[in-house]
Amino acid sequence: MTDEYRRGPRRSRDEPGGRSEYNRRMPQAPQAPPTKIVPKPIRKGIDVSINGKRFRHTGDPAMPLLWYLRDVLRLTGCKYGCDDQSCGACSVLVDGKLKRACAVPMADLADSDITTIEGLASADGKLHPVQQAWIDEDAILCGYCQSGQIMAAVDLLSRKPKPSDADIDGIANLCRCGSYPRIRRAIQRAAAAPGESK
């Protein structure tokens, strides 16, 4: 099969059936420039720092921090538990203070510094003293609540570097496995760790 058979005989632009005649017969859309150009709106959002990285949330301001961490950023260390601030499985640090991520809307977090369990270890991968104490005391058990327990312990040790048993018992996070004696030993071990910032 030749090219001429596929495309038909070649015609010059100006002979009948050529491209120029085809263009003259076709209606043309007006080529006037738009009279008004609407610029795209400036993208607004809620800027936050999470584990040392900057993020901008442009979605629903009422979205709880928990869902932003888990569904948007895929930081699944904090867990969805009771959804009413009772269990503490979703505990994170917001500007150094313990918060329940299920109860904090993104609208309240503009320019906040948030730390999750994923951000506790140092950049070189060395575990936070509380994380290491949790391993040393085998405090994890099923593990579901433990990221929240660790964040609560970090918060406690930042306020009370040498906590009493009563201080530790004052942590309101719940553990369905009943790991409280191991958690207490882990916190005491972390408090006794020499020369470590907690």
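Which residue in E5 is the bridge partner of Leu93? The bridge partner of Leu93 in E5 is Thr115. This is a predicted model, in which local features need pLDDT of at least 70 and side-chain atom pairs count only at pLDDT 80 or more, while totals for chains, interfaces and linings use all residues. Residues are numbered from 1 along each chain as its sequence is written, and side-chain values use heavy atoms, with hydrogens and water left out. Helices (H or I, at least four residues) and strands (E, at least two) are DSSP runs, numbered from the N terminus.

**The sheet**

- An open sheet with mixed pairing is formed by 5 strands, in the order E2-E1-E5-E3-E4; two strands pair if DSSP finds at least two bridges between them.
- Strand E2 (53-57) and strand E4 (97-100) are the edge strands, each pairing on one side only.
- On average, neighbouring strands of this sheet are turned by 35° against each other, direction ignored; axes are lines fitted to C-alpha atoms, for helices over the stretch in contact, and angles run from 0 to 180 degrees between N-to-C directions.

**Strand E3 and its partners**

- Strand E3 (residues 91-94) pairs with strand E5 (residues 113-115) in the antiparallel sense over 2 bridges.
- E3 also pairs with E4 in the antiparallel sense, over 4 bridges.
- Val94 has Ile114 as its bridge partner in E5 and Lys97 as its bridge partner in E4.
- The hairpin of E3 and E4 has 2 residues between the strands, and Asp95 takes a positive phi near 50° there.
- E3 is covered on both faces, with Ser91 and Leu93 buried on one side and Val92 and Val94 buried on the other; buried means under 20% relative accessible area, exposed over 50%, and partly exposed in between (1.4 Å probe, protein chains only).

**Helices H4 and H5**

- Helix H5 (residues 146-159) lies across E3, E4 and E5 and runs at about 35° to E3.
- Helix H4 (residues 129-136) has Pro129, Val130, Gln131, Ala133 and Trp134 buried.
- The cover over the buried residues of H4 includes H5 and helix H7 (180-192).
- Asp138, which follows H4, has a positive phi near 50°.

**Two buried loop residues**

- Ser112 is in the loop between E4 and E5, and it counts as buried because its relative accessibility is 5%.
- Apart from neighbours within four places in sequence, Ser112 is in contact (heavy atoms within 4.5 Å) with Asp47, Val48, Ser49, Val94 and Asp95.
- Ile171 is in the loop between helix H6 (165-169) and H7, and it counts as buried because its relative accessibility is 18%.
- Apart from neighbours within four places in sequence, Ile171 is in contact with Gln149, Ala152, Ala153, Leu156 and Ile187.
- Ile171 and Ala152 are 19 residues apart along the chain, and their C-alpha atoms are separated by 6.8 Å.

**The largest pocket**

- The largest pocket holds about 160 Å³ of space; a pocket is an open set of points on a 1 Å grid over the protein atoms alone where a 1.4 Å probe fits, with protein on both sides within 12 Å along at least five of seven lines.
- Grid points are joined across faces, edges and corners, and a volume is the space filled by probe spheres set on the points.
- Lining residues have an atom within 4 Å of a point, and those of the largest pocket include Tyr80, Cys87, Cys142, Tyr144, Leu174 and Arg176.
- By class, this lining has 9 nonpolar, 1 polar and 1 charged residues; Ala, Val, Leu, Ile, Met, Phe, Trp, Tyr, Cys and Pro count as nonpolar, Asp, Glu, Lys and Arg as charged, and the others, Gly among them, as polar.
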